[in-house]
Amino acid sequence: GAPLPLATTPAKVPTKLGVVFANPDREWHNRAGWIVELTYAQLAEEDYWGIDDLAARVQAASQNGLFVLVRVDYTPGQSIPPPDDQIALDSYLTYLSRLASDVRLQSVHGYIIGSSFNTAGNNTLSPEKMVTPEWYGRVFNGYSLPPNRSDNALQAIHVVNPNARVLVGPIAPWRTDQIGATTYQIDVPWLNYFNTLVSVLDQAAQTKSAAGFPFVAPDGFALQAFGRPDLSQMATHAPPDEPNRDLHHPEQPHTPLHQSEWGKAQICFRIYRDWLAIINSYPTTASLPAFITAANTYNFATEAPPAQNYPAGWLTNALEAINQEPQILALCWFIDYFPHDDQWDFFSLTAPRGRAIDAAEEFDALLQTTP
């Protein structure tokens, strides 16, 4: 007899929209969006942050057709193992290898190596000796080591799972905690740090490649890009028919903004353009995919969260800008859902407050309307 037709599941429509800490009950409206998860090497056996709970969340998301990025930190308050702490580094690399080889995590799209490691807040175990670009390069792909050494994050993952993507973690913009040794053409601390970082990753990849070791360049970059619609500079961009509005122009994601002491550096959402310019200026990193893994309108200078300063239309315009950037694959709102404490209540899309209600409604509408 004729074979019975196989049951088929309608393909989900890809979108660049995503969230950090996704609500497992979120309605994605048949969209293949992005989620960002977090795990800690030193909390591998703990509830939520450990490998078992992570695997459960990853499997559920994958079954829902979502793309999953997993950020791997060393421990809370110390994103990357402290410089020259070889025991901490070995523990971190061992955990990366464990993650990459776990059959429950084979659907992970990419592993992000740390985050905001240029800040004092992510160097609390060694505040007097913070993670430099050079140390990050050593951790990531073996910068400054003999090319035959493989004790680094990228190779620790690739040796057990060659298909896993290993992404450079994002640095925090507009922070002056550290400076890099390789000055960028726009001379500000965060861009100098990132320029130095990409430079050492490129050097390590070229050195290893020349010695016959392939696949040692990053597979991509995670980026941070925050809007700050409550900056005083935004007042000059307010529509002429709304000269006295208290919350400024929602089209800020399209607007290049600068301030005098930082020259041509972008000081709002379009910081992603500065990041891309640096990535694309080095041979082994040029044109690599980028993922915005933290975006919202939090202004760290005033500590105003989205519940206070979100202007209706901001996310719509941010997505429109990113959809015009083929190198950027994801735009993830920080955050969606975190019921374990109340520190993110004024950022959440699941239980929004204040002006964040507009952001939550906008996110849901964008899933249903944008291509």
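A salt bridge, for today, is a side-chain nitrogen of Lys or Arg within 4 Å of a carboxyl oxygen of Asp or Glu. With that rule, the structure holds 12 salt bridges. Before I go on, two notes on the model. It is a predicted one, where local features need pLDDT of at least 70, side-chain atom pairs count only at pLDDT 80 or more, and totals for chains, interfaces and linings use all residues. Residues are numbered from 1 along each chain as its sequence is written, and side-chain values use heavy atoms, with hydrogens and water left out.

Back to the salt bridges, then. Glu-45 and Arg-98 meet through their side chains at 2.7 Å, N to O. This pair links distant parts of the chain, 53 residues apart: Glu-45 sits in the loop between E2 and helix H1 (51-63), and Arg-98 belongs to helix H2. Helices (H or I, at least four residues) and strands (E, at least two) are DSSP runs, numbered from the N terminus. Glu-45 counts as exposed at 57% relative accessibility, while Arg-98, at 35%, is partly exposed. The cut-offs there are under 20% relative accessible area for buried, over 50% for exposed, and partly exposed in between, with a 1.4 Å probe and protein chains only.

Another salt bridge joins Asp-102 and Arg-104 at 2.8 Å, N to O. Asp-102 is buried at 12%, and Arg-104 is partly exposed at 27%. Both belong to a network of salt bridges that also takes in Asp-52.

Now the fold. What do the strands E1 to E8 form? They make a closed barrel of eight strands, in the order E1-E2-E3-E4-E5-E6-E7-E8, with parallel pairing; two strands pair if DSSP finds at least two bridges between them. On average, neighbouring strands of this sheet are turned by 30° against each other, direction ignored. E2 (residues 31-40) and E3 run parallel and are joined by seven bridges, and Thr-39 stands opposite Val-72 in E3.

On to the helices. H2 lies across E2, E3 and strand E4 (110-113), at about 160° to E3. Axes here are lines fitted to C-alpha atoms, for helices over the stretch in contact, and angles run from 0 to 180 degrees between N-to-C directions. Helix H8 (residues 314-323) is mostly covered, with seven of its 10 residues buried, among them Trp-314, Leu-315 and Ile-322. Those buried residues pack against elements including strand E1 (13-20), helix H6 (271-279) and helix H9 (356-369).

Let me pick out two loop residues. Ser-79, between strand E3 (67-73) and helix H2 (86-101), is buried at 0%. Its side chain makes a polar contact with that of Asp-73 at 3.1 Å. A polar contact is a pair of N or O atoms within 3.5 Å; within protein, one must be able to donate a hydrogen and the other to accept it, and residues adjacent in sequence count only if both atoms are side-chain atoms. Beyond four places in sequence, Ser-79 is in contact (heavy atoms within 4.5 Å) with residues including Tyr-92, Gly-114 and Asn-122.

Asn-118 lies in the loop between E4 and helix H3 (133-141) and is buried too, at 2%. Its side chain reaches the backbone nitrogen of Ala-172 at 2.9 Å.

Last, the cysteines. With a disulfide taken as two cysteine sulfur atoms within 2.5 Å, the count comes to zero. For Cys-268, the nearest cysteine sulfur is that of Cys-332, 20 Å away. Cys-268 is buried at 1%, and Cys-332 is buried at 0%.
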